[in-house]
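This briefing sets out the computed features of the model shown below.

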Amino acid sequence: MSTLTYTAVEDIPKVHATARKAFDSGKTKSLTFRKEQIAQLGYLIKDNADRLREALHADLGRPYEETDMLDFGPAFGQIKLAYESVEKWNKPQSVDFSLNWFPMRPKMFPEPKGVALLIAPFNIPIFLLFGPLTSAIAAGNAAVLKPSEQTPATSQLLAELLPKYLDPELYHIVNGGVPETTRLLELQWDHILYTGNGRVARIVAAAAAKHLTPLTLELGGKNPVVLDPKVDIKMAAKRILWGRFSNSGQICVCPEYVLVPAHFQDTFVDAIKETYQSFFPEGPENSKSFARIVTEAHAARIKRLLDETKGKIVVGGQTDVSKRYIAPTVVRDVTGDDSLMSEEIFGPVLAIVPVKDVDEAISFIRARDYPLAVYVFSHDKKFQRKVFENTKSGAAVVNETVVNAGVPSLPVGGIGPSGTGYYSGKHAFEQFSHYRTTLNNPGWVDTLIFNFRYPPFKPSYRKYTAALFGNLPPRPGQKPSFAKRWGFWIVFALVGASSVLLTKQGRLLSLTQLKGLIRA
Amino acid sequence: MSTSFYTPIEDIPQIHKRAHDAYRSGKLKSIAYRKEQIAQLGYLLKDNEQRFCDALKLDLGRPVQDTIFFDFAAVYVEVKMAYDNIEKWTRSQRAEFSFNFFAMGPRLRSEPKGVILGIAPFNVPVFMLLSPLAGAIAGGNAMVLKPSEQTPATAQLLAELIPKYLDRDLFHVINGGVPETTKVLELKWDHILYTGNGRVGRIVARAAAEHLTPLTLELGGKNPVVVDPKCDVQMAARRILWGRVSNAGQICLSPEYVLVPEHFQDKFVEALQEVYKSFYPDGPRNSDSYCRIVSEAHTKRIKNLIDQTKGTIVFGGDADIAERYIAPTVMRDVRLDDPLMGEEVFGPVLSIVPVKDVDEAINIINERDHPLAVYVFSQDKAFLNKVFDNTESGSAIANETVISCGVPGIPMGGLGESGYGYYTGKHMFDEFTHIRVSLNNPGWVDKIAFGFRFPPYKPEGEKQLRALSSSLPPRPTSKQQAVNGKRWGLWLAVLLAGASWTVLTEPGRALVKQLKF
């Protein structure tokens, strides 16, 4: 295993200070600068694609193709989208027209939060760092990245490349393990994005609480698949197994278990075996198309779950902890209390849980933590809707697995134990932005309407507020009444018009108003 | 203060469970039911305006008009907005077009988070609870409200009325002080909205961290005003003083201090004096247009600040702790190390801080925590932009104070020490909902495009993937243009291959039949 140079703990506050100073310098205010940095991030990957593939092969035994598919493809998607959308996303947004308020021209415009801390896991180390970084740059933030110490080759390479391609004052990598991360978390950040597991997320959230730092948490969960027996079974088996075995099952949106009607289990298992044969014609151990587990510890953990299961192994089951190898495995007749159902497996083991019907499948999902995704394989709209409407999850996906996380314009985000906030595109941009509201209230607005607010309060106060704000929806069970408000405005306009025409003061006022309006 | 209306601590977990069960029952899936509940919320207030005014008179010594303006008006706006827009907000939306993925029909839809906890402060107790409640209902959530124990009359009234007007299983009020709130925070909520101060904000955030609960924090901050000497000083004085003395300064968006050029201080003070006289021709103490402080403790705290300041009193300065009265007060020549510039005053005391120029004003703002609002009074766009572009704050308001939170469509939200997340309208709705994404990938997509992903990986698969991958923007340093076309070439080839395959082979024809083209 390659060695990773850890950042000296005492240097970490300096890195933080450098990033803060660079942010305060205001150089990220330029959208051109942001675009340039985003493009550079793309070329960091593109120019060094082979080295990155090698590094991930060293760290995860990962086939090159999977690095292209899981890391490069989605990262390029984000880079392209952000590059093309920076101007659009950063435009001030005006609000729906409102008669009472339009002279004040209320608007909101996104501003960077400041310095963001991004902590990524080992499983998709490039996309899970650079995807959010793209959004953070698009929003004008500085950022400090903390790659996983479990992928030493990749993390080392990223630390080498980042300062070569990106502004070295604004963007930094801190490498290390628990002590380094602990030090990072003691500092004050303007936003923290953590991708990983619920246990560490609680530590991150507690640290963020001290500084009132907003958080995005992308966690995991056991993602279920609900199978309709009337589905194209070959397609289902292929897409489910692909999702489960890619990156050796170490993807947070991986399907973890499949709920099938008991009578349909045999048919599904047959299709699984056939697909398995087509994926690994010479067996998975020698296949160039199958990754390894990140560490021996994780390989041992998955092996233990397999050893303890009471389900029947359909395919796979072989393990070699010293080689970090867990064969792609499917286990049938798994029950809710099985070892395989006790925690997120995060490895290439798919559990098949037979159920009576779709209602039992729904109850099974509802009795557990909200997952990142619920997958349904069915051609029947009613079946799909039934499952989705009665469950909660980050994503609700039909006839596909995992791919949803790679669609550039679809946010990835969990709910409850699977996290909070969004990855990807505009939604991630919003996480790294603060929408600052603004209005500019011309003086004549008081003269015309809002003078009533000043003390001493007069009896007419209520009339003004009732006319301005008193409009409620119809009382449930009653018919709506209109006109009241318009009546007020008509009277108002008439009074205004006569005051303009009849009095000298009015004529003067109308001049100021006109000026105000022209300025507006 | 009587605590007889506090919720028994042992009932709190049951209330939580009732709300949770009611949420899970799915009755809020009906948009019609949500709308009915939102309308009911409006009528809860409308039918009982007088009782709320009376309660707030008791709790805050507040003039009826302040209650109408700050509590009722903003809730009515929210109710109307949520009611009118709920269909739009909850509608499933197509994701932005993407050539590679459009066949999968990617969509986004806002779904409820579950059971929301709302903890509100004493200062604007109706708006700060009922306006988020409108957003929570629109999003399809159940909600438990915790009003401030410092406004007991209002808190009791809410506890009485909410079950009369709204679904008794979905919506609840929990009353109490620290022990009750502590119990509430031990439970697992799907979102917590806390409005208050940074000290308690940290306690709430710590409790939320245990359950990974997402948060909206609306905190305070010392909101500065920057005055351009060329502004309409009468208007500035009137709007600033109004923002500071409304609700006796107990509004999180209240302007706390004014940065004026030294040479302009006298003129500004004169304008303030004039406005003061027009606001309180018979003095503020007997005015029926002036509010009191929430508690004796807070009155004492504010009086202490006035006693310790080294600034010069322009007017006001008198206090009566037993009556919870602090006169509307303006201090001039306040320095940055003055007690009035330490904590948030949250009372009717406005500090005037003379500065050399606008650059010094900007530096002063930047050396402090990010406030909820930066106010600028100026007719000069360059002046406005200079201040706004070089400071950070929740909102950036020109020539006005406080009322931005009542404007429909723009959110209220802080950053840094002033909190995070947004209040009001669609933004509040977004806080309380989760965007669930969906797609449906037809089987034929693998046949024509995405089949390469399945093992065993083949060399041509890599080419296909690269072609599908987004092209990069042009390299910043070189003048070389991005090479387009490549990708279209691939799709054309795929299309041709697909077409010929369909026409020429047996399985192709079978597939067409199956698809019923």
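Domain bounds, as used here, come from an automatic or database domain assignment. On that basis, the C-alpha centres of domain 2 of chain B and domain 3 of chain B lie 65 Å apart. The model is predicted, and the points below should be read accordingly.

**Domain layout of chain B**
- Chain B is divided into four parts: domain 1 (9-219 + 425-437), domain 2 (223-407), domain 3 (441-468) and domain 4 (479-515).
- Domain 1 of chain B is assigned in two segments, 9-219 and 425-437, and the range of domain 2, 223-407, falls between them.

**Overall form and secondary structure**
- Chain A contains 18 helices and 18 strands; chain B likewise has 18 helices and 18 strands.
- Taken along the principal axes, the C-alpha atoms of chain A fill a box of roughly 95 × 60 × 35 Å, and those of chain B fill a box of roughly 95 × 60 × 35 Å.

**Burial, contacts and surface**
- Of the 520 residues in chain A, 63% are buried; of the 517 residues in chain B, the buried share is 62%.
- In chain A, 72% of the contacts with a separation of 6 or more link residues 24 or more positions apart.
- In chain B, residues at least 24 apart account for 72% of the contacts between residues at least 6 apart in sequence.
- The accessible surface of chain A is about 19,800 Å², with 57% belonging to carbon and sulfur atoms.
- For chain B the accessible surface is about 19,800 Å², with 54% belonging to carbon and sulfur atoms.

**Charged side chains**
- Chain A carries 62 positive and 50 negative side chains, and the centres of the two sets are 14 Å apart.
- Chain B carries 60 positive and 59 negative side chains, with the centres of the two sets 11 Å apart.

**Record annotations on chain A**
- An unreviewed UniProt entry places the feature "domain: Aldehyde dehydrogenase" at residues 5-437 of chain A.
- In the model, residues 5-437 of chain A are 42% helix and 18% strand, and the end C-alpha atoms of this span are 44 Å apart.
- Under "transmembrane region", UniProt (unreviewed entry) lists residues 114-133 and 486-503 of chain A.
- Residues 114-133 of chain A are 35% helix and 25% strand in the model, with end C-alpha atoms 13 Å apart.

**Residue B:S351**
- B:S351 lies in strand β14 of chain B, which covers residues 349-355.
- B:S351 counts as buried because its relative accessibility is 1%, and buried means under 20% relative accessible area.
- Beyond its neighbours within four places in sequence, B:S351 is in contact with B:E256, B:Y257, B:V258, B:M331, B:V334, B:L340 and B:M341.

**Residue B:E400**
- B:E400 sits in the loop between β16 (395-398) and β17 (419-420) of chain B.
- B:E400 has a relative accessible area of 0% and is therefore buried.
- Leaving aside neighbours within four places in sequence, the contacts of B:E400 include A:L439, A:N441 and A:R453 from chain A.
- Within chain B, B:E400 is in contact with B:R239, B:W242, B:Y375 and B:F377, again leaving aside neighbours within four places in sequence.
- The C-alpha atoms of B:E400 and B:R244 are separated by 12 Å, although these residues are 156 residues apart along the chain.

Conventions: Residues numbered from 1 in each chain as written. Chains lettered and ligands numbered in written order. Predicted model: local features only at pLDDT ≥ 70, side-chain atom pairs only at ≥ 80, totals over all residues. Heavy atoms only, no water. Helix = DSSP H or I, 4+ residues; strand = E, 2+ residues; numbered from the N terminus. Buried < 20%, exposed > 50% of the residue type's maximum accessible area, 1.4 Å probe, protein only. Contact = heavy atoms within 4.5 Å. Areas by Shrake-Rupley, 256 points an atom, 1.4 Å probe, with all protein chains shown as cover. Lys, Arg positive; Asp, Glu negative; His and termini not counted. Charge placed at Lys NZ, Arg CZ, Asp CG, Glu CD. UniProt positions renumbered as here; feature names shortened; annotations may be inferred.
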